[in-house]
Amino acid sequence: MRTVWLNGEFLPETEAHVSIFDRGLNFGQSVYEVSPVIDGHFCNWPYHQARLERSKALALIADDTDWPAVLGELIARNALNEGRVYLQLTGGEAADRGFPLPDPAIAATRIAFTQADALIANPVAGSGQRIVLRPDLRWQLRSAKTTQLLYAVMMKAEARGAGVDDVWLVEDGVVTEATSSNAHIIDARGVVVSHPVDSGVLPGVTRINVLEIARAMGLPVEERPFTPDELFAAREAFISGAGTLVLPVVEADGRPVGNGGPGVLTGEIRQRYIALLRAQ
């Protein structure tokens, strides 16, 4: 049985409970972070911490937990070698349901748990993802990593119903991102194109490393929106995310991307990223 962490206590997962008056449950006032775990250690913490601070500020949540200590101990207690570690903060347990922030302020509800998974030997890295394009109908504060993920859940179901792996979202004629990861293409010139970080997309931690790796490989990088037509004409396409690392996309709306197989450059970026995580 997994050990989880709740408000300062390490507990069996069956013994961890949150109040029905928690503001995360009632109002979605909740933010989270997820880090890949490779060789028993979590990765990229400075980037995750910076994004967490921004998310907390936007969601009006205060917290000063020593998260590296908590996450490290949780990974050790669960003997996790590879997978993910999640942390989540909510607006806390209120005395009763009410929209205004409680006065005086209440303590945040703090949660952390691990998830075992094969990140390195993910078979999708060899086969590639098949995706479909759908309208992006999410709210406009996507730069905060909140748990307001209903539309992502709906689009994951849409992908399953279409017999593919995921959905890439389109707004105002350009691709924003995938349901739970950043979206990128490598165009016919060999340029890596990635939507700029703004309120329309999440500032992905893996994205930061991926673009640094691409530049180190001598690939030009353009941080700008790209259209579905550019995706269809791309040499390669891929996603990046803490839970997936880097995975190729080989088909979009039933049309092959590039030669219809995982791209060579994408594969090199993935391997370099894995090496970077293992060196941390």
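**Entry 1: alanine 125**

I started with alanine 125, which I found in helix 4, residues 124-127. I kept in mind that this is a predicted model.

Next I looked up what alanine 125 touches. Leaving out residues up to four places away in sequence, I noted Leu247, Pro248, Pro262 and Arg270. I also checked alanine 125 against aspartate 172: they sit 47 residues apart in sequence, and their C-alpha atoms are 30 Å apart in space.

**Entry 2: helix 2 and helix 6**

Then I turned to a pair of helices. Helix 2 covers residues 45-59 and helix 6 covers residues 205-216. Their axes come within 9 Å and cross at roughly 135°. Helix 2 and helix 6 are therefore oblique to each other, and I noted their crossing as right-handed.

Which residues meet here? From helix 2 I listed Tyr47, His48 and Arg51, and from helix 6 Val205, Ile208, Asn209 and Glu212. I sorted the residues of this contact into 3 nonpolar, 2 polar and 2 charged.

**Entry 3: helix 6 and helix 8**

I stayed with helix 6 and looked at how it passes helix 8, residues 264-278. The axes of helix 6 and helix 8 come within 10 Å, with a crossing angle of roughly 115°. This crossing is right-handed.

On the helix 6 side I wrote down Thr206, Asn209, Val210, Ile213 and Ala216; on the helix 8 side, Ile269, Arg272, Tyr273 and Leu276. The residues of this contact come out as 6 nonpolar, 2 polar and 1 charged.

**Entry 4: the largest nonpolar core**

Last, I went looking for the core. A reminder to myself: in soluble globular proteins, nonpolar side chains tend to be buried together.

How many residues does the largest nonpolar core have? I noted 20, and those with the most contacts inside it are Ile131, Leu133, Trp168, Ile185, Phe226, Leu231 and Ala237. I then checked which elements give two or more residues to this core: strand 7 (129-135), strand 8 (166-171), strand 9 (174-178), strand 10 (182-186), helix 7 (228-233), strand 13 (236-241) and strand 14 (245-252). Strand 14 gives the most, with 3 residues.

Notes
Residues are numbered from 1 along each chain as its sequence is written. This is a predicted model: local features need pLDDT of at least 70, side-chain atom pairs count only at pLDDT 80 or more; totals for chains, interfaces and linings use all residues. Side-chain values use heavy atoms; hydrogens and water are left out. Axes are lines fitted to C-alpha atoms, for helices over the stretch in contact, and angles run from 0 to 180 degrees between N-to-C directions. Helices (H or I, at least four residues) and strands (E, at least two) are DSSP runs, numbered from the N terminus. Angles under 35 degrees count as roughly parallel, over 145 as roughly antiparallel, 65 to 115 as roughly perpendicular and the rest as oblique. A crossing is left-handed if the near helix is turned anticlockwise from the far one by less than a right angle, and right-handed if clockwise. Contact means heavy atoms within 4.5 Å. Ala, Val, Leu, Ile, Met, Phe, Trp, Tyr, Cys and Pro count as nonpolar, Asp, Glu, Lys and Arg as charged, and the others, Gly among them, as polar. A nonpolar core is a set of buried Ala, Val, Leu, Ile, Met, Phe, Trp, Tyr and Cys residues joined through side-chain atoms within 4.5 Å. Buried means under 20% relative accessible area, exposed over 50%, partly exposed in between (1.4 Å probe, protein chains only).
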